[in-house]
Amino acid sequence: MIRFLLPALALVITQPTLCAQTSTAAPASAVVEKALTAVGGKDKLLKIFRIGETFHFGDKPEPPEGKKRTSRTSVIELPNRWWLGKKERGDEPAKEDVRAWSLDLLVDPKSKFEPIAEITDEGKTCEGVQVSGSVTPPMKFYFDKESHLLHRLDWRGDFYRFSDWKEHEGLRYASKTIIFKLKDGKPWFYHEITSMERLTQLPDGLAKP
């Protein structure tokens, strides 16, 4: 979490890791409820689903010269199962990332919510909530104060920005994510969801952990 105040909004524009903070903090429960409503309501949240993905590592939106984006298909059963092909990924921190962008952490009975100060990030005023109890270390969620959609997530040594919202069967989800290093604000991972399919049960043949 960034621990200093910006003297001017201009720094927000020129330095992607920096964001203006204010002392304002809406009640955490209200922020969570608005976020769930904005994506279609808790009944629309994903449980078992298949996604097509592309991604690449690097600090530019396009892969380095001579490299291509990686394409893959994932089957996910929240809260903690993720298959690539027939193989389950096991102990993988990225599973917590999925629980974050899918908002599954917001409906986990073990989750505890704490209000945190608003920030301005990429020109958006965002309400903040810290989630603990169901994830370690705690995550800081920032929701666009106008749309109430997830704009930014701070976790461990990284922060994530979410964009290009799409809809599938009544659910809104961010199809693009960029991950940045908190220490210097440099992007290092670009991810896109290219397809989404809600499943009623797991496909046959998946190896169980």
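What is the volume of the largest pocket? The volume of this pocket is about 470 Å³, where volume is the space filled by probe spheres set on grid points that are joined across faces, edges and corners. A pocket here is an open set of points on a 1 Å grid over the protein atoms alone, where a 1.4 Å probe fits and protein lies on both sides within 12 Å along at least five of seven lines; lining residues have an atom within 4 Å of a point. The structure is a predicted model, in which local features need pLDDT of at least 70 and side-chain atom pairs count only at pLDDT 80 or more, while totals for chains, interfaces and linings use all residues. Residues are numbered from 1 along each chain as its sequence is written, and side-chain values use heavy atoms, with hydrogens and water left out.

The lining of the largest pocket comprises 25 residues, and Ala94, Asp97, Tyr160, Ile179 and Phe189 lie nearest its centre. Strand 2 (48-57), helix 3, strand 10, strand 11 and strand 12 (187-198) each give two or more residues to this lining. Helices (H or I, at least four residues) and strands (E, at least two) are DSSP runs, numbered from the N terminus.

Strand 10 (residues 158-168) also holds Asp158. Asp158 counts as buried because its relative accessibility is 11%; buried means under 20% relative accessible area, exposed over 50%, and partly exposed in between, with a 1.4 Å probe and protein chains only. Leaving out residues up to four places away in sequence, Asp158 touches Leu153, Ile179, Phe180, Lys181, Leu182 and Trp188, a contact being heavy atoms within 4.5 Å. With Trp188 there is a polar contact between the two side chains, at 3.2 Å. A polar contact is a pair of N or O atoms within 3.5 Å; within protein, one must be able to donate a hydrogen and the other to accept it, and residues adjacent in sequence count only if both atoms are side-chain atoms.

Helix 2 (residues 28-38) has buried residues at Ala28, Val31, Val32, Ala35, Leu36 and Ala38. These residues are on the same side of helix 2 because they cover an arc of only 160° around the axis, the arc being that of the directions from the helix axis to the C-beta atoms. Their packing partners are strand 6, strand 7 (124-132), strand 8 (139-144) and strand 11 (171-181). Ser29 and Thr37 are exposed on the other side of helix 2. For Ser29 the relative accessibility is 51%, so this residue counts as exposed.

The largest nonpolar core has 42 residues, and Phe49, Trp101, Leu103, Leu106, Met139, Phe141 and Phe143 have the most contacts inside it. Helix 2 gives the most to this core, with six residues. A nonpolar core is a set of buried Ala, Val, Leu, Ile, Met, Phe, Trp, Tyr and Cys residues joined through side-chain atoms within 4.5 Å. A second, separate core has six residues, among them Ile48, Val75, Trp83 and Leu199.

Ser111 lies in the loop between helix 3 (94-101) and strand 6 (112-121). With a relative accessible area of 11%, Ser111 is buried. The side chain of Ser111 reaches the backbone oxygen of Leu105 at 2.5 Å, and also makes a polar contact with the side chain of Ser134 at 2.6 Å. Ser111 and Ser132 are 21 residues apart in sequence, yet their C-alpha atoms are 5.7 Å apart.
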